[in-house]
Amino acid sequence: MRIPRIYHPELIVTLDSLALSEDAAGHVGRVLRMKPGQEVLLFDGSGAEFPALIEEVSKKQVVVKISQRVERSIESPLDLHLGQVISRGDKMEFTIQKSVELGVNVITPLISERCGVKLDPKRFEKKLLQWQKIAIAACEQSGRNIVPEIRPIMALEEWCQEEYDGLKLNLHPRAKYSINTLPTPVTKVRLLIGPEGGLSSDEIDMTHQYQFEETLLGPRVLRTETAALTAITALQVRFGDLG
């Protein structure tokens, strides 16, 4: 049986007994039904793992005993920032989950002219918490020890005009280069993925103003969630660590 990987939201600074967070305790105790003496593998976002044994399981808490700190990183050499216009239903959750598994470092949810999601600020805050939990769960599953940041929701132009010292890409079917034929090797990419209805012509012109390069994926029109994951995979194959 695979040893469960559990995220701890605070830095682990001593090798000692430790009470898991409420969410982690619920997962270990109620979902996995683990017992004292069984193993778990903690990570705290610092790039290390902490093998531990369960000491106590109760309705209120789970206590583990940490045995050692193990430095381990499977982060890609490509620093990838995804700007994703918010999609409807569970498509956004799917995009976040899979992009984290593929090695994305930062995700910024965006609002554009054709964004089909309309939420009030309080619901957006709840969505952000939900999306961050999805990113954590994807790290637990994929073996990553550094949790990607889910940034606050931004307007598209506000995000585009931020200073950035890497390559900025926007997908476009009439682009000169595909990801596989981009002429310059890069280590940092800011990738813009538009909504289901695509960016407006004004928005495409705006991305040119902020030095976004257009690139294409192929001859077929892809859904927004398919486009995001295809582009991330292509970038990781070209510049990252996917073979």
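Modeller: In this predicted model, Thr207 touches Cys160, Asn170, Leu192, Leu199 and Phe212, when residues up to four places away in sequence are left aside. Thr207 itself lies in helix H5, which spans residues 201–209. With a relative accessible area of 0%, Thr207 counts as buried, because that class takes in values under 20%.

Strand S11 (residues 167–171) pairs with strand S14 (residues 213–216) in the parallel sense, through 3 bridges. Within this pairing, Leu169 is set opposite Glu213 of S14. Strand S14 also runs parallel to strand S12 (residues 177–178), to which 2 bridges join it. Here Tyr177 has Thr215 of S14 as its bridge partner.

As for helix packing, the axes of helix H2 (residues 91–101) and helix H3 (residues 121–142) come within 8 Å and cross at roughly 35°. The crossing of H2 and H3 is right-handed. On the H2 side, the contact is made by Met92, Glu93, Ile96, Gln97, Val100 and Glu101. Helix H3 contributes residues including Lys127, Trp131, Ile134, Ala135, Ala138 and Cys139. Sorted by class, the contact between H2 and H3 comprises 8 nonpolar, 4 polar and 3 charged residues.

Definitions and conventions
Residues are numbered from 1 along each chain as its sequence is written. This is a predicted model: local features need pLDDT of at least 70, side-chain atom pairs count only at pLDDT 80 or more; totals for chains, interfaces and linings use all residues. Side-chain values use heavy atoms; hydrogens and water are left out. Helices (H or I, at least four residues) and strands (E, at least two) are DSSP runs, numbered from the N terminus. Buried means under 20% relative accessible area, exposed over 50%, partly exposed in between (1.4 Å probe, protein chains only). Contact means heavy atoms within 4.5 Å. Axes are lines fitted to C-alpha atoms, for helices over the stretch in contact, and angles run from 0 to 180 degrees between N-to-C directions. A crossing is left-handed if the near helix is turned anticlockwise from the far one by less than a right angle, and right-handed if clockwise. Ala, Val, Leu, Ile, Met, Phe, Trp, Tyr, Cys and Pro count as nonpolar, Asp, Glu, Lys and Arg as charged, and the others, Gly among them, as polar. Two strands pair if DSSP finds at least two bridges between them.
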